[in-house]
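User: I've got a structure to go through with you. Can we take it piece by piece?
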Amino acid sequence: MRALLVVANPNPDSFGHALAAAAADGLRAGGHTVDQLDLYAIGFRAEMTADERRAYETDDPILDPQVADSAERLAAADLLVFVYPTWWSGLPAILKGWLERVMVPGVGFVFDAGGKVAPGLSRVRRIVGISTYGSPRPYVAAINDNGRRTIARALRMSCGWRTRVTWLGLYKMDARSPADREQFLAKVRSRMERI
């Protein structure tokens with residue numbers, strides 16, 4: 001399968017980038033092709049402009065070359081992998097903005113012959129979320145894990161109900177030992193190899 005690995009962490013020396021590298025290594029070891037998209041490294045602009053919002057309802061909703069590039073990469077993917085830290089119980093703004101600007105009509109969804117909304121990413125067979133959390137798992141569950149819900153539910157609607165979702169979370173990140181972190185990196189690498 002062709003994997004699009006989307007990374008949303010501003011620090012290239014972060015544990016998040018180590019997770020992205022582990023995921024990419026595992027995917028390649030499993031025979032998958034990996035296309036990595038580091039949103040901070042490319043300077044992706046999170047906010048939608050007024051012109052983009054007006055274009056959203058036209059036949060040509062994409063105005064920005066970076067958004068067009070992301071849309072092309074999405075269209076080629078069979079597997080989507082997102083690596084990000086959970087901040088304020090949700091996605092980093094850059095990742096939320098990427099979804100808002102890229103998942104436009106014709107990309108994230110299409111209209112069928114009857115005018116009903118249909119998935120635009122029907123090629124995608126699996127979505128993987130890999131995230132770190134500062135809070136313990138029960139607390140994250142109590143506040144609904146909004147980033148996970150966005151990816152595992154809302155994004156899944158753009159792919160279809162048969163799309164499988166895998167979630168790998170490291171909770172209480174700040175209290176984790178180096179050994180805990182290494183163990184989680186190994187888990188990510190191994191799980192991605194078996195996808």
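This is a predicted model: local features need pLDDT of at least 70, side-chain atom pairs count only at pLDDT 80 or more; totals for chains, interfaces and linings use all residues.

User: Good. Which helix is Leu-27 in?
Analyst: Leu-27 is in helix 1, which covers residues 15–29.

User: Is Leu-27 buried or exposed?
Analyst: Buried. Its relative accessible area is 0%, and the cut-off for buried is under 20%.

User: What does Leu-27 touch, leaving out residues up to four places away in sequence?
Analyst: Leu-27 touches Ala-3, His-32, Val-34, Leu-79, Val-81, Met-192 and Glu-193. Arg-2 is 25 residues from Leu-27 along the chain, and their C-alpha atoms are separated by 9.4 Å.

User: Now helix 3 and helix 4. At what angle do they pack?
Analyst: About 80°, with the axes 10 Å apart.

User: Which residues make the contact?
Analyst: Helix 3 brings Val-67, Ser-70, Ala-71 and Leu-74. Helix 4 brings Trp-98, Arg-101 and Val-102. By class, that contact has 5 nonpolar, 1 polar and 1 charged residues.

User: How many residues of helix 4 are buried?
Analyst: 7 of its 10, so helix 4 is mostly covered. The buried ones are Ile-94, Leu-95, Gly-97, Trp-98, Leu-99, Arg-101 and Val-102.

User: And what covers them?
Analyst: The cover includes strand 1 (2–7), strand 2 (33–38), helix 2 (50–55), helix 3, strand 3 and helix 6 (146–159).

User: Aromatics next. How many pairs in the whole structure?
Analyst: A search finds 4 aromatic pairs. One of them is Phe-82 with Trp-98. Their ring centres are 6.2 Å apart and the planes are at 65°, so this pair is edge-to-face.

User: Where do those two residues sit?
Analyst: Phe-82 is in strand 3 (residues 79–85) and Trp-98 is in helix 4. The pair therefore ties together parts that are 16 residues apart in sequence. Phe-82 and Trp-98 are both buried.

User: What about Tyr-84 and Trp-167?
Analyst: Their ring centres lie 6.4 Å apart, with the planes at 70°, so that pair is edge-to-face. Tyr-84 is in strand 3 and Trp-167 in strand 7 (residues 164–170). They are 83 residues apart, so the pair links distant parts of the chain. Both Tyr-84 and Trp-167 are buried.

User: Which ring does Arg-181 lie over?
Analyst: The ring of Phe-15. Arg-181 lies over its face, at 5.7 Å from the ring centre.

User: Let's do Ile-127. Where is it?
Analyst: Ile-127 is in strand 6, residues 126–132. It is buried, with a relative accessible area of 0%.

User: What are its contacts, not counting residues up to four places away in sequence?
Analyst: Ile-127 touches Leu-80, Phe-82, Ile-151, Leu-155, Arg-156, Cys-159, Thr-163, Arg-164, Val-165 and Thr-166.

User: How far apart are Ile-127 and Trp-167?
Analyst: 8.5 Å in space, C-alpha to C-alpha, and 40 residues in sequence.

User: Now the loops. Where is Asp-78?
Analyst: Asp-78 is in the loop between helix 3 and strand 3.

User: Buried or exposed?
Analyst: Asp-78 is buried, with a relative accessible area of 15%.

User: What is Asp-78 in contact with, leaving aside neighbours within four places?
Analyst: Asp-78 is in contact with Met-1, Arg-2, Arg-123, Val-124, Arg-125 and Arg-126. The C-alpha atoms of Asp-78 and Leu-4 are separated by 7.9 Å, and these residues are 74 apart along the chain.

User: And the loop between strand 3 and helix 4: what is phi at Trp-88?
Analyst: Near 50°, a positive value in a residue other than glycine. Most residues other than glycine have a negative phi. Trp-88 is found in the loop between strand 3 and helix 4.

User: What is phi at Ser-89?
Analyst: Near 60°, a positive value, and Ser-89 is not a glycine. Ser-89 lies in the loop between strand 3 and helix 4.

User: Last one. Is Trp-88 buried or exposed?
Analyst: Exposed. Trp-88 has a relative accessible area of 87%.

How values were computed. Residues are numbered from 1 along each chain as its sequence is written. Side-chain values use heavy atoms; hydrogens and water are left out. Axes are lines fitted to C-alpha atoms, for helices over the stretch in contact, and angles run from 0 to 180 degrees between N-to-C directions. Helices (H or I, at least four residues) and strands (E, at least two) are DSSP runs, numbered from the N terminus. Contact means heavy atoms within 4.5 Å. Ala, Val, Leu, Ile, Met, Phe, Trp, Tyr, Cys and Pro count as nonpolar, Asp, Glu, Lys and Arg as charged, and the others, Gly among them, as polar. Rings of Phe, Tyr and Trp (its six-membered ring) pair if their centres lie within 6.5 Å; planes under 30 degrees apart count as stacked, over 60 as edge-to-face and the rest as tilted. Buried means under 20% relative accessible area, exposed over 50%, partly exposed in between (1.4 Å probe, protein chains only). A charge sits over a ring if NZ of Lys or CZ of Arg is within 6 Å of the ring centre and within 35 degrees of the ring normal.
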